[in-house]
Each structure stands twice: as C-alpha cells, then as structure tokens.
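Hi everyone, thanks for making time this morning. I'd like to walk you through a structure I've been looking at, so let me put it up on the screen.

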Amino acid sequence: MRVNLTVNGRPRTADDVWEGESLLFVLRERLGLPGSKNACEQGECGSCTVRLDGDLVCACLVAAGQAEGREVETVEGLAAREGGETRLGPVQQAFVDAGAVQCGFCTPGLLMAADDLLARNPHPADADIREALSGNLCRCTGYEAILDAVRLAAARTSGTA
Amino acid sequence: MGVVPAPTGLTQRAGTGPAGGRVGDSAPRPDGTLKVTGEFAYSSDLWHEDMLWGHTLRSPHAHARLLGIDVSAALAVPGVRCVLTHEDLPAATHYGLEIQDQPVLARDVVRYEGEPVALVAADHPETARRAAALIEVRYEELPVVHDEATATAPDAPVLHPDRADRVLVGDLHVPHPNVVHRQPVLTGDPEAAAARAEVVVSGTYEVGMQDQAFLGPESGLAVPAEDGGVDLYIATQWLHVDHRQLAPVLGLPPEKVRLTLAGVGGAFGAREDLSMQAHACLLALRTGRPVKIVYNRHESFFGHVHRHPARLAYEHGATREGRLLYVRARIVLDGGAYASSSPAVVGNAASLALGPYEVPNAHVEALALYTNNPPCGAMRGFGAVQACFAYEAQMDRLAAALDMDPVELRQLNAVSQGSSMPTGQVIDAPAPVAELLRRVKERPLPPERPWESAGPSGERSTDIRALPGGLSNSGHGEGVVRGVGYAVGIKNVGFSEGFDDYSTARVRLEVSGGEPVATVHTAMAEVGQGGVTVHAQIARTELGVTQVVILPADTRVGSAGSTSASRQTYMTGGAVRNTCRHVRAEVLRRAAQRLGLPDAEGLRLEGGKVVTRDGEALAALADVLGEGPGGAVELELEFRHRPTQPFDRETGQGFGHVQYSFCAHRAVVDVDTELGLVRVVELAAAQDVGRAINPRAVLGQIHGGSAQGLGLAVLEEIVVGPDGRIRNPSFTDYLIPTILDTPSMPVDVLELADDHAPYGLRGVGEAPTLSSTPAVVAAIRQATGRALARVPVRPEHLIDEDPAALGPAGGPEREG
C-alpha cells in the first residue's frame, strides 16, 4: 500500500508498504529517517517516541496505515537547519552539554519526551521531569545527567541560565 | 554492486574542533551532536539499496536431538533468497571466546532454548520471519540439566562429551565434564583458624540471572566484496576477536574479512560473544547481496549471554574484636550451554571472593557449570558482582553477631596499599577502602518521609510520587519504614591471569591548511563509554594541538583489545598516549635538527609550536613538518600493561590482576512493609578513579553502574524454569530501572594515582556495579529485619508470613 504523511513539516510518501509494518519501520527503512530507535519494538522503552498530530506515541505501536494523512514529528525535526549549519534545539544542546548522552540509543526518544514536557511545563520540578520521562528507558546514564539536561534546558529557555 | 554509503562516517566523524579539552577536562563527546540529531549511524540503522534481511530460526527446546531439517517450504516462499543450515557451513563449524564449543548452526543437538538452527535471507524482514516459521525441524527432547545437582549427578547427560579444551587436557582439573572450569584459592590455615574463631557466621546466597539489556539490539550489515571477501559493519566490543572467530567460520583468509565498527547502542558485556556476525556474513557470501540482521528485543534475550546466576555458600570467622580470621567460600556459577567467558568469570569470582578485606586464612572454591540454561558470560562486574553480594551480606551478618557498626567492622578489616590478597598478590597501589566508606557514611542523610510537605498555610500534603509504589497510588505512607545500608567492593581492571593484554594506536601529526592536525586511529569499540572523547583529550595533551580527528574503528589497525574489564581508558588511552609520545619525540628530533640544536632535550610541543622548557616558541609545527602529508609523522605502536600470572590450579596463588578498583555505596530506602514495595531514596557512592581523565564521563560511569546494581537488587532477573526456558524475554516482564526507580546518586570521586597506570588512572566502569546491589539490600534488611539472601528482592520476599523461609539457609529453592 501507499502511505502519505507529513514528517517534520514535509509531505512524504512511502510506497510498497506491507500492511503489517509499523510507523517506526516506515520512518526508518522507507523514509530514510532512522533517528527514531528500535530498542524493544513492543512499546516499553520509548526510544521510538515521536509526535503524531502533536501527541507523543511509540512509533513501533502505530501501524503505518494509521499515520495516513497525519503529521509526524521526529528527532530529526528538533534542530533547525540554516544553510549548511545545524542549530540544535534547546533540549538537544542541553543533552550534549550536560553529558546526558552516552551510547545515545535512548536519546532520540528522551529528547522528544523532554521537548514535549517543556512545551507543556516550562518550569518542571524534578518529580515532574521524572514522571514525564518515566516511559523512556536508559541503560547507560542512571538518569542523573538526563535530569541535569532537562533542568538546564528549562532554565535556558525560560531565560534563567 | 553499490558502495555502502560510508555508514561509519556518521558514527565517528570527529573533527572535535577547537572546543577541545585536555586530560582532566570534561570535554564534550565528539559524537554528541550526531547522537542528538538522530544522524549517528547505529548498526541497526545501516542500509544498502539492494540489501536482504536475515532471520534466525532458533530452537524451542533447551535440550534436544536434532533429527532432521526440511527447508523446502521456506525456500518456496516468494522473496526468499537463501536458507542455510549446518549442512551449508563452508568451513569451521564452531566458535567461542575461550573454548570453541559453540556451533554456528546446530548440527545434531541443541543445548539451550534459542540456539540458532537455520538462517533465512529475504527481501523483507517479515518474509524472512514467516519463511523461517515454515522450516520443519524434527526434535527429540532430551533430559534437561539445569543446576548443580542435575549437572553433576552420576547419570547426568554430559553436554559436551567431546570436549577437549584446555581445562581437560593433561589433568582432569574439574570434578565432572559438566563443570566448565574450577578455581580454588587457598591461603593460610583455615582449619586452625576456625578452631580459634570466637564468632562464626555463615550463609548461602543466590544471585539471579541478570541481563545486560543494552538498548541497541544485536545488528549489523554484511557486504560481500569483489575480492570474494566480506565487509562487516557491526556493533561489538572487540573487532579483532570477532575477526579471529569469523575468518575460520567463513573459510576466508583473514585479510578478506574486514570489520568496521558501526554505532553501538550499549554493551555491558553482551557484545563480547558473536551473535549475528557469522550468520550475516554467511548469508551475504551465499547470496552475493548485502545482508542486514537486526534482532528485536525478544530475540535479543536469546541472542546474547547473560550474567551468571550464582549460588554462594560462605562462612566467616572472626575474633571478638571483629578481626577476620578466616573465610570459607564456595561459589557455583551457572554457565549455561556454552563456555563463553566462564573460565575467566570463575577466576574473578575466586580471586575476588573475599572482597576488599584482609583475610589471613581462606579456602575458596569457584566453579562454573555447563547446563541447558541460557549461556552466560560477560556482564559488567564479571564474577565480582556475585561474590560482592555474598561477602557484603556476610559482613553485615558478622557485624550484627558482634554488635558492631557494620561500617566500622569493614574499616577494621579493610585492605590498604601493601595488603595481601588471598592469591598472595600484594596490592601495590592506593586502596582507600576505609576512606571510601568514611565518605559515604559522613554524607548527610536525606530527609525522612519525603512525600510529606507543608502547604502554604502549614497543612500537610502528600506527593505520592515520593512513596514506594509511586503513581500507582498504592498507599499514603502507612507502614513505610526507612533503612540505610552500606557496601564496598573490589574489581580487577584489565585482562588477568597471564593474558597478553595489549592495545594499538596509530597516530599521525601533520599540518593541513596551516593548522597542525592529529589523527588517531584505533580499533577501540566506542560503546557509549566515551573512549573517543578521551582519545582526543590525550592527543591534545601530548601533542599540544587543538585539532584532533578520530578515525572510525576497524580491523585495518591493530587490535585494541576488548571494551570490557574497565580497561579501555587504561589500555587504548595508554596506547594513544604512548604513540603520541613517540610521534612527539620524532617531531622534536626533527625540530632540533632544523634549529641546529644538539638534541631535543627540553623541547616541548605547545599551541602548535615547538617551545623550550620555559615556554619560548622556537618554531611553528608548520615550519618543522611542512604543509601536507609529505612531512607527516605517523606511527602505529602496541601498548601493554605489566604482565600478570595465571593462578595456580590448586592454590589460586599468583600475581593475577593488573590493577584493582574500589567503590563504596550507601543506600537509603523506604520500604512499604505491608505491600513489599521498595523505593530507593538515595544511592551515594565514593570511588577512587586514580585520575579522572574526563570527570563528567567518570560520573556517567559511576551513575550508570550504580543504577545497574540497583536493578539487580530489586528488579532484574531472567526467570528460567527447570525446563531451561526463559519466562520473561521482554521489557514488559524483564524490568530495568526507569527514571522513577532511580534515585539521586551523589558521588564522591577520589583521585589517588596508581603509578603503574597511564596518568595514574584507574578503570572506572565496573566497580560501582558491585557495591550498589548489596548496599540496597542491606538497607532493605535494616528496614525489614529480614535476611534476604537472594537478589533480586521481590515484594513477596518482604511480605511473606514466614521470614525464616528467607533466613540464613538462603532463599527457598527456586521453582519454575
């Protein structure tokens, strides 16, 4: 089947999609967007987190056909491209600066979840951050630097750092 | 054939830029930007326009005879390009890290659930999966060996009847052919000491099977080459040991098998053994097409080795004052169906069995079994984790028997520089065990009842997120009891027991566009730890330049050894330092010659210039080396740590370890004693790292290791039934800590230099994984008064009506 969708603001079409394919598979293998990760493919780890019409979802649990005509935002859309330059979004920059990235496999999903949190709650308490990121598994960092990164991004975007 | 679009150009493209950072700085990761933009190319992200997808058919039985395989139905599926079984193997049929006992594809018997039996390559991964399901395999089930009793019974099925590995050559060192390896350690006279002991405590402990649970699944892309060879882009911990095992299996000369590191989504030991490497290469060579294999999480639980589950029986005897007189210990590790790294795990468990304590008399026996359980091998902590859980429980038990403070008892018996290990090895570097304990103990305790807070007008309010049970709203603080526990551990760094452990670094210094640039090429597997960051820092420090390029890791440069055993900053960092220093010497020799100086005495490289001891600039590097590659200085050199010795087969004596590292933890827990729920409130650590090459990366290692230890304490276990089958191969049922399970983790870093090591550094990654588990369990014991002899501690262990069931004899026998 053919699937038409908008990804990071651009209309995209995927052809020859088998009906059983997930949105994650279409993004990664058919649209050349492997930033969303395939750590569990059972909706437990959050590493494939994307926005679907503005709502956070695990792309591995969304059938490709369900994305027909809808808007998808992925980690590839978080940075601004200006000329040949990449300008990282505030959450991305904070993850780099705070040392929240080790192997990085959980990072795209955590970035999407953190970005979503700060859009809803610009001044989250630690308990709010933990709650918002509780669907995203990380095996490397013990989450301490991830908390630091979200605090840093919140402080920077609200102009207190 | 298309050319692979340089997949690793997007993993290690690391012109690190002027931001830089030298040894001791928290330099940013060179791959950080690629990882936050989603561009970093992990092994599962690789793509080739005409690639096929490989899939592995696995045994549903833990032990069965293979009677026949019919692949015709699978071959008839449209889109299927190739099906392979053991009959199609072109050359060597077995591989292994230490003992070549693991079949590439099963031939006449399967020894664990999930053992690979056949391979399919197809146009679409689902086609491959469905075709694999059509392969007809006829099995005859065999009795399952699943623990020590069934493995060593007189009539036990011998799992490897043809084994001829080093363990059995010459003398039969193991008591039964289902014992992979055995290592005793004997020191002093434990019998005589036992007669003198005034207080004796004993206990039997169990450690469940932990999974590394890296997030990036096993995956890679094999591309057949025009020379008849193959290029494999792979996530691994050691390219050259993969290469050593692969070439014989593929029947290719070594130079026709080329490996390049793809992006690695964590490792923690699970990528030491081969998984899909040989399978993808075999399919690619057979079909002439690139083949990608990506496991999903379910398959990943069957696709790599796990941490050895263990049963540990200990007896500690001491004086009334608390001085340890003797320890007897017996450690039985379940190695599962194949050897993997079990012999080395046994060596660690035996030699580190007593912990960081002075014990004048000891008798230790450690062994690993062959069973039909999932194969076990390397995981962060590697044999030392299991022992630490038991000896630290014993120290608490001894403190209770003596009515002593558990930290004081540990400090009284702690090793320090100059102490002897039970192997006879004298610790010849700082060993600040007592100081680490002091630091975690002196830290202020977090406030009690953290869920309670006063509202604006003084009324009490409850934040259930700070309660055991959290947002499941299981209670409001009734029955919640606080506990505090301590533990400390000792881990070896680097490969031990006489292994020729080395790394290789190629370093090139040249002037490009008027700027000096250092290029560093190693085969070090960057698995997330930040080795690439450290290499750039070292090159900048040694060569006085800002621009450093880190080339992708591959087999075109000499071996870096494994990214394991906390060894890479020591070993490949050491190799980069060593090569840089030789490059520097050559540059300075040329500079001296050019400047008409008698020799290079006192000259240094700084800021891209040759300077005197006093910092006076004598020449720019551009003047010494000229512009471009013509004047470049390039060297490739190996670096070794000081040699070690094998442990004596009977006494365990020997200078077996390169370096020791130490970490101490204090855990604070709240336990809902009515529901059996645990919330770890704080997990404080203190660790000696010798020298923090990158302090932020050091903290990341300590935090990550501590969290994995917490997982083993209260969450993580692969549950295997007596039929050898895994009950919970998913992240739904195998629980790793989330951000809600993981507390604040304050860290105190000591830097007491080890003069034997580059920059005085000490391997960091594993020690924190040892002590966090027993510290958390000690805190739960203090809160509940229960013996808790088994990890992970489950809710039923905390609310069971009969605490004696979990008493000194250990946990109840495991059932299904």
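Let's begin with a question: in what order do the 3 strands of the open sheet in chain B come? The order is 7-3-9, and the pairing is antiparallel. Before I go on, please keep in mind that this is a predicted model.

At the edges of that sheet sit strand 7 (109-110) and strand 9 (136-141) of chain B, each pairing on one side only. Strand 3, residues 64-70 of chain B, joins strand 9 of chain B through 6 bridges in the antiparallel sense.

Now, on to a single residue, E716(B). You'll find E716(B) in the loop between helix 16 (695-714) and strand 33 (747-750) of chain B. Is E716(B) buried or exposed? It counts as buried, because 23 other C-beta atoms lie within 10 Å, and the cut-off for buried is 20 or more. Setting aside neighbours within four places in sequence, E716(B) has contacts that include Q210(B), D211(B), Y734(B) and P792(B). D162(B), by contrast, is 35 Å from E716(B), C-alpha to C-alpha, and 554 residues away in sequence.

Last, the two chains together. Here 45 residues of chain A are in contact with 48 residues of chain B. On the chain A side, the elements giving two or more residues are helix 2 (90-98), helix 3 (107-120), helix 4 (126-132) and helix 5 (144-157). That side is made up of 23 nonpolar, 15 polar and 7 charged residues.

Definitions and conventions:
Residues are numbered from 1 along each chain as its sequence is written. Chains are lettered from A and ligands numbered from 1 in the order in which they are written. This is a predicted model: local features need pLDDT of at least 70, side-chain atom pairs count only at pLDDT 80 or more; totals for chains, interfaces and linings use all residues. Two residues are in contact if their C-beta atoms, placed from the backbone, lie within 7 Å. Helices (H or I, at least four residues) and strands (E, at least two) are DSSP runs, numbered from the N terminus. Ala, Val, Leu, Ile, Met, Phe, Trp, Tyr, Cys and Pro count as nonpolar, Asp, Glu, Lys and Arg as charged, and the others, Gly among them, as polar. A residue is buried if 20 or more other C-beta atoms lie within 10 Å of its own, exposed if 12 or fewer, and partly exposed in between; C-beta atoms are placed from the backbone. Two strands pair if DSSP finds at least two bridges between them.
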